[in-house]
Amino acid sequence: MATTNPVRWLDEPEKHDYPAAAEYLELLADPDTVSTLLDRLGSAPIVHKKAKDILRAAGLALLPPDNPHVRADLGKILAGKALSPILLVQGDLTTGTPAQIADGYHRVCACYHADENIPIPTKLAALSDLGEGDPESGKKKRKK
């Protein structure tokens, strides 16, 4: 279902997106890791990624347009309503760890159905340097 209507986006994710992301991430990681990732997502700048690339990096299947949540987001797109940016945890190519859509899977799928090349505003948090120190200062923890 290609559309000529551009997808409209909010400037920042909605406040309820972060607790939703936490609910999902708690299934994958310990509370400290989840807390750190949420802090990173909250302070991350918006970057734009294509729907097709997000799904591939996450290793997720494209949900069909008749999925109730995808259908609702497609309706928002067609009505010109703004969608919330995606919360994404970066994968790791060296370990084979896929990216994780912490919040926004249905929005990604809806955008893919509208046009797989739509640039999706995304807050992207790195997982790779957790436990290795402060990424802001570049200082690493010393191993004992």
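**Entry 1: helix 5**

I started with helix 5 and counted its buried residues. Seven of its 10 residues are buried, so helix 5 is largely enclosed by the rest of the structure. I note here that the model is predicted. The buried positions of helix 5 are R107, V108, C109, A110, C111, H113 and A114. I then asked what covers the buried residues of helix 5.

Helix 5 lies across strand 2, strand 3 and strand 4. Against strand 3, helix 5 runs at about 110 degrees.

**Entry 2: overall layout**

Next I stepped back to the whole chain. I find five helices and six strands in the protein. Along the sequence the pattern reads α-α-β-α-α-β-β-α-β-β-β. The protein has 144 residues, and buried ones make up 36% of them. I checked the contacts between residues at least 6 apart in sequence. Of these, 78% join residues at least 24 apart.

In which order do the four strands of the open sheet stand? The order is 1-4-2-3, and the pairing is mixed. Strand 1 and strand 3 stand at the edges with a single partner strand each, so one side of each has no neighbour in the sheet. Neighbouring strands are turned by 45 degrees against each other on average, direction ignored.

I took the pairs in turn.

- Strand 1 (residues 46–50) and strand 4 run antiparallel and are joined by five bridges. V47 stands opposite T122 of strand 4.
- Strand 2 (residues 86–89) pairs with strand 4 in the parallel sense, over four bridges. I86 has T122 of strand 4 as its bridge partner, and L88 stands opposite L124 in strand 4.
- Strand 2 and strand 3 pair in the antiparallel sense, over three bridges. V89 stands opposite Q100 in strand 3.

Then I looked at burial in the strands. Strand 4 (residues 119–125) is mostly covered, with five of its seven residues buried. For strand 2 I looked up which way the residues point. I86 and L88 point one way, L87 and V89 the other way, and all are buried.

Helix 3 (residues 51–58) lies across strand 1, strand 2, strand 3 and strand 4. Its angle to strand 1 is about 85 degrees.

**Entry 3: the largest pocket**

The largest pocket has a volume of about 380 Å³. Its lining holds 21 residues. Which residues lie nearest the centre of the largest pocket? They are D103, G104, Y105, H106 and R107. R107 is also one of the buried residues of helix 5.

I sorted the lining by class. Nine residues are nonpolar, six are polar and six are charged. I then traced which elements contribute.

D73 lies in helix 4. Is D73 buried or exposed? The relative accessible area of D73 is 9%, and the cut-off for buried is under 20%, so D73 counts as buried. Leaving out residues up to four places away in sequence, I find that D73 touches L83, H106, R107 and A110. Of these, R107 and A110 are among the buried residues of helix 5. H106 and R107 are among the residues nearest the centre of the largest pocket.

E23 lies in helix 1. The relative accessible area of E23 is 56%, and exposed means over 50%, so E23 counts as exposed. I looked up its separation from D103. The two residues are 80 apart along the chain, yet the C-alpha atoms of E23 and D103 are separated by 9.5 Å. D103 is one of the residues nearest the centre of the largest pocket.

Conventions
Residues numbered from 1 in each chain as written. Predicted model: local features only at pLDDT ≥ 70, side-chain atom pairs only at ≥ 80, totals over all residues. Heavy atoms only, no water. 1 Å grid on protein atoms, 1.4 Å probe; cavity = no way out; pocket = protein on both sides within 12 Å on 5 of 7 lines; lining within 4 Å. Points joined across faces, edges and corners; volume = space filled by probe spheres on them. Nonpolar A, V, L, I, M, F, W, Y, C, P; charged D, E, K, R; others polar. Buried < 20%, exposed > 50% of the residue type's maximum accessible area, 1.4 Å probe, protein only. Helix = DSSP H or I, 4+ residues; strand = E, 2+ residues; numbered from the N terminus. Pairing = 2+ DSSP bridges. Axes fitted to C-alpha atoms, helices over the stretch in contact; angles between N-to-C directions. Contact = heavy atoms within 4.5 Å.
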